Amino acid sequence: MRHMGLLAAGLIGALSLTACSKEIDKEAVDRALQDVNVVDESNLNSVVLNSADPNEAVSYFQRSVKQSPDRIDLNRGLASSLIRAKRYTEAAAAWQRVVDLPEAQSADSVELADALIRNNEWDKARQVLDTVPPTHETFKRYRLEAMVADSEQNWKASDSFYETAVGLTTKPAGVFNNWGYSKLTRGDFSGAERLFGEALRQDPSLFTAKNNLVLARGAQRNYSLPVIAMTQTERAQLLHTMALSAVKQGDVSTGEGLLREAIETHPQHFDAAARALEALENG
């Protein structure tokens, strides 16, 4: 911020020197200061968007948009803040306002589709994605395309989009996990197991993928835990998941044994497993 002040002072000084015997060009001074203020404001917008409490950021950008309703950067800030605050209905409306501005780009339409999906408006999300030109090849675009294809049970398109998305990111663990869950929902349990394993190779700490991997194995009546990194608490939670999967398959006695092991493994009282075991024992 100090550098901005020095820059402003330097600009005013330079303008003053050139004025000499004539009046200072006041408009030129105002323009110089305005340029500096825009730089300062852009920095502030970035700080608010990334660091502030989401709802405080929403309030900040709402005030800013009210003052400058046609500023696309402020409208984007408001829409992004609403996403962070999990206010998805408002976020979808805000991204629609961004898309309607003359300076809107394809990336803004992708963000609108994301907000619509979060708001469970799948048909509208598909319509928006269909307006994005094929030359806009980004990770987020193809990840959303895959999710929409899943919702339509268009498995061939889904696989193609997931494969493309994986190639467009340096952190594909989440994509592999989503792709594996897609395979799980369509009954391809071995394919799902392979993809969850790939997700964990990319990010060994991703517990969602660990839990999904256990579900995929349980669906194949494989009730042994996979050889993966896990804490004691995670091991107990995964045993609990495996137990429920066994019960669902009709292997009740196996499920009871796994629940007991989960209770013994957990470093604290494992209420969920204890209640499930009690329910099974009481018929």
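Q: Which residues in α3 meet which residues in α4?
A: This is a predicted model, and in it P54, A57, V58, F61, Q62, S64 and V65 of α3 meet L74, N75, G77, L78, S81, L82 and R84 of α4. By class, the residues of this contact are eight nonpolar, five polar and one charged.

Q: Why are α3 and α4 called roughly antiparallel to each other?
A: Start with the angle: the axes of α3 (residues 54–67) and α4 (residues 72–84) cross at roughly 155° and come within 8 Å. The cut-off for roughly antiparallel is an angle over 145 degrees. The crossing angle of α3 and α4 passes that cut-off, and therefore the two helices count as roughly antiparallel. Their crossing is left-handed.

Q: What makes S81 count as buried?
A: Buried means under 20% relative accessible area. S81 has 0% relative accessibility, so S81 counts as buried.

Q: Where does S81 lie, and what does S81 touch?
A: S81 belongs to helix α4. Leaving aside residues up to four places away in sequence, S81 touches L49, P54, A57, V58 and F61. Take F61 from that list: F61 and S81 are 20 residues apart along the chain, and their C-alpha atoms are separated by 8.0 Å.

Q: Why is I72 called buried?
A: Use the cut-off again: buried means under 20% relative accessible area. I72 has a relative accessible area of 8%, which means that I72 is buried. I72 lies in helix α4 too.

Q: Which residues does I72 touch, not counting residues up to four places away in sequence?
A: I72 touches V98, L101, E103, A104 and D108. E103 is 31 residues from I72 in sequence, while in space the two are 7.1 Å apart, C-alpha to C-alpha.

Q: Which residues make the contact of α4 with α6?
A: On the α4 side they are I72, R76 and I83, and on the α6 side D108, D114, A115 and R118. Sorted by class, this contact has three nonpolar, no polar and four charged residues.

Q: Which residues of α4 are buried, and what follows α4?
A: The buried residues of α4 are I72, L74, N75, G77, L78, A79, S81, L82 and I83. K86 follows α4 and has a positive phi, near 60°.

Q: How do you know that the span of α10 agrees with what its number of residues should give?
A: Helix α10 (residues 173–185) has 13 residues, and at 1.5 Å a residue they should span 18 Å. The end C-alpha atoms of α10 are 19 Å apart, so the two values agree. Helix α4 can be checked in the same way: its 13 residues reach 18 Å from the first C-alpha to the last, close to the expected 18 Å.

Q: What covers the buried residues of α10?
A: The cover includes α8 (139–151), α9 (155–166), α11 (189–202) and α12 (207–219). The residues buried in α10 are A173, V175, F176, N177, W179, G180, S182, K183 and L184. After α10 comes G187, with a positive phi near 90°.

Conventions. Residues are numbered from 1 along each chain as its sequence is written. This is a predicted model: local features need pLDDT of at least 70, side-chain atom pairs count only at pLDDT 80 or more; totals for chains, interfaces and linings use all residues. Side-chain values use heavy atoms; hydrogens and water are left out. Axes are lines fitted to C-alpha atoms, for helices over the stretch in contact, and angles run from 0 to 180 degrees between N-to-C directions. Helices (H or I, at least four residues) and strands (E, at least two) are DSSP runs, numbered from the N terminus. Angles under 35 degrees count as roughly parallel, over 145 as roughly antiparallel, 65 to 115 as roughly perpendicular and the rest as oblique. A crossing is left-handed if the near helix is turned anticlockwise from the far one by less than a right angle, and right-handed if clockwise. Contact means heavy atoms within 4.5 Å. Ala, Val, Leu, Ile, Met, Phe, Trp, Tyr, Cys and Pro count as nonpolar, Asp, Glu, Lys and Arg as charged, and the others, Gly among them, as polar. The expected span of a helix is 1.5 Å times one less than its number of residues. Buried means under 20% relative accessible area, exposed over 50%, partly exposed in between (1.4 Å probe, protein chains only).
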